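Thanks for coming. I will go through one model today, chain by chain, and then look at charges and surface patches. Please have the structure open while I talk.

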Amino acid sequence: MPSLKDVKDKIVGVKKTAQITSAMNMVASAKLRGAQEKMENFHPYAEKFNEAMSNLSGGGNTDQFPLMEVREVKNVELVVVTSDRGLCGSFNSNIIKLAEQKRRKYEAEGKTVSFVCVGKKANQSLKKTGKVRNQFLDIMSDFQMFNAREIAQDVALNFTNGGADKVEVIYGHFKSVAVQRPVAQDMLPITPLESEGEAEKRISGDYIYEPSTEEIMDVMQPLYLNVIIYNAMLQVGASEHAARMAAMDNATNACKDIVSDLTLVYNKARQAAVTGELMDIVGGAEALKG
Amino acid sequence: MAQQIHLEVVTPAGAVVSEDVDIVNAPGYGGDFGVLANHAPFLSTIKIGLLTYEQGKDRKSLMISGGFSEVSNNKITFLVESAEFGSEIDVTRAMKAKERAEKRLSQATAHDDHFNQVRAEAALQRALARLKASKID
């Protein structure tokens, strides 16, 4: 039987942990709101961009753009986007698991795989593989377009230099506050997007382009990569906070369970002590009576 | 009243402008261009510079950085990576950025890789555009 003091100390300790986890939950939910807002604000930009891209790439020869060049795939690069911080349940490990799965799949096909890690967590687990080509850390707390641009430029340069023939982005897709899924998205070579409605295509066919379509594509393709990376970062940002909220909620509940269990133990121990003392008194009194 | 065209400026951080305006002037790839109501469908890339638009006697200007614009169905949309109104611009910061970029450019030697020079050049252009925008508003 643990002593009364031990149990009491433990209860106090667990209660303090619960305080921390519930505070983290609240912080995460506040941050989630911000991250979600950023994601929603970005949505119209991304959507219009995709629309324009599909209008543009509808016609024309795709081989002339270095970023659209389809080569025989020997080297695959995986851009793995995770959060910088942990304590968000299995969110990051799910993304990393998908990355590892992809790596095994490509390696089984005889391709070499390299990683670009965005966010500390990806780097921590993937650096063991020795395949990390580049890493971008400590940028996931504050989403900035120029961070995304830096990553996109680095990846695009490696692609055009022949360091990779295919690039995929792996990130946590924010489906809802309750559901976040790791997904893989093709990034390079840029594949011509199909526009959704045929009718729309006809209307947009008679654009005046300034400069030529080709030159516009040259400008837009790098921007398009920025959009992909930035989108992945925002999704991961929102997912991270949502996952942390859920994880901290679970932790707080677990703490409450432990506290109630411990309180039971504490009360039992106290009862036993009281009973013991009573027995002593009664026994003493009996002895005095003689 | 003259016919108007709907102007939208969208950045990754959200829509900045969504209004009906009389005329839009923007820094296109091949030089500045103006767009009035019922312009033919048109697509152009955008350089760093000043976007100005007029509504009656109101004249407003924004500093915008790279992206593109699209005109269709009497609507002009700018998709740019950043857009700031002149009144929102921190002039001292832009001045400092300008000095920094100028210094970097003047010190640039042949040894410097091309990439850094391009970056400094872009920074200088952004700073200059910001300063210009802040003066107009």
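Chain A has 6 helices and 6 strands, where helices (H or I, at least four residues) and strands (E, at least two) are DSSP runs numbered from the N terminus. Along the sequence, the elements of chain A are arranged as α-β-α-β-α-β-α-β-β-α-β-α. Chain A is more spread out than a compact globule, because its radius of gyration is 29 Å, well over the 19 Å that the globule rule gives for 290 residues. That radius is taken over C-alpha atoms, and the globule rule is 2.2 Å times the number of residues to the power 0.38. Taken along the principal axes, the box filled by the C-alpha atoms of chain A is roughly 115 × 40 × 30 Å.

Before going further, two notes on where this comes from. This is a predicted model, in which local features need pLDDT of at least 70 and side-chain atom pairs count only at pLDDT 80 or more, while totals for chains, interfaces and linings use all residues. Residues are numbered from 1 along each chain as its sequence is written, chains are lettered from A and ligands numbered from 1 in the order in which they are written, and side-chain values use heavy atoms, with hydrogens and water left out.

On burial, 41% of the 290 residues of chain A count as buried. Buried means under 20% relative accessible area, exposed means over 50%, and partly exposed is in between, with a 1.4 Å probe and protein chains only.

Now chain B. It contains 2 helices and 10 strands, and the order along the sequence is β-β-β-β-β-β-β-β-β-β-α-α. The C-alpha trace of chain B spans about 55 × 30 × 25 Å along its principal axes. Of its 137 residues, 42% are counted as buried.

Next, the salt bridges. How many does a search of the whole structure find over all chains? The count is 20, a salt bridge being a side-chain nitrogen of Lys or Arg within 4 Å of a carboxyl oxygen of Asp or Glu.

A:Asp9 pairs with A:Lys5, with 3.2 Å between the closest N and O atoms. Both residues lie in helix α1 (residues 4–57) of chain A, 4 residues apart, about one turn of the helix. A:Asp9 is partly exposed at 43% relative accessibility, and A:Lys5 is exposed at 57%.

Another example involves B:Glu81 and A:Arg149, whose closest N and O atoms are 2.6 Å apart in a salt bridge. This pair joins two chains, because B:Glu81 sits in the loop between β9 (75–80) and β10 (83–85) of chain B, and A:Arg149 in helix α4 (residues 145–160) of chain A. B:Glu81 is buried, with a relative accessible area of 10%; A:Arg149 is partly exposed, at 25%.

The remaining pair stays within chain B. B:Lys75 and B:Glu8 form a salt bridge, with the closest N and O atoms 4.0 Å apart. It links distant parts of the chain: B:Lys75 is in strand β9 and B:Glu8 in strand β1 (residues 5–11), 67 residues apart. B:Lys75 is partly exposed, with a relative accessible area of 28%, whereas B:Glu8 is buried, at 15%.

As for the network, its salt bridges link A:Glu100, A:Arg103, A:Glu107 and A:Lys131.

That leaves the surface patches. Patches are made of residues with over 30% relative accessible area and no salt bridge; like charges are joined within 9 Å, and nonpolar side chains (Val, Leu, Ile, Met, Phe, Trp, Tyr) within 5 Å. Accessible areas come from the Shrake-Rupley method with a 1.4 Å probe, and for residues only the protein chains shown count as cover.

Which residues form the positive patch? They are B:Arg93, B:Lys96, B:Arg100, B:Arg104 and B:Arg119. Lys and Arg count as positive and Asp and Glu as negative, with His and the chain ends not counted; the place of a charge is NZ of Lys, CZ of Arg, CG of Asp or CD of Glu. Helix α1 (residues 91–107) of chain B supplies the largest share of this patch, 4 residues. B:Lys96 lies in that helix and is exposed, with a relative accessible area of 55%.

On chain A there is a nonpolar surface patch of A:Val274, A:Leu278 and A:Ile281, with about 280 Å² of accessible area together. A:Ile281 belongs to helix α6 (residues 213–289) of chain A, and is exposed at 57% relative accessible area.
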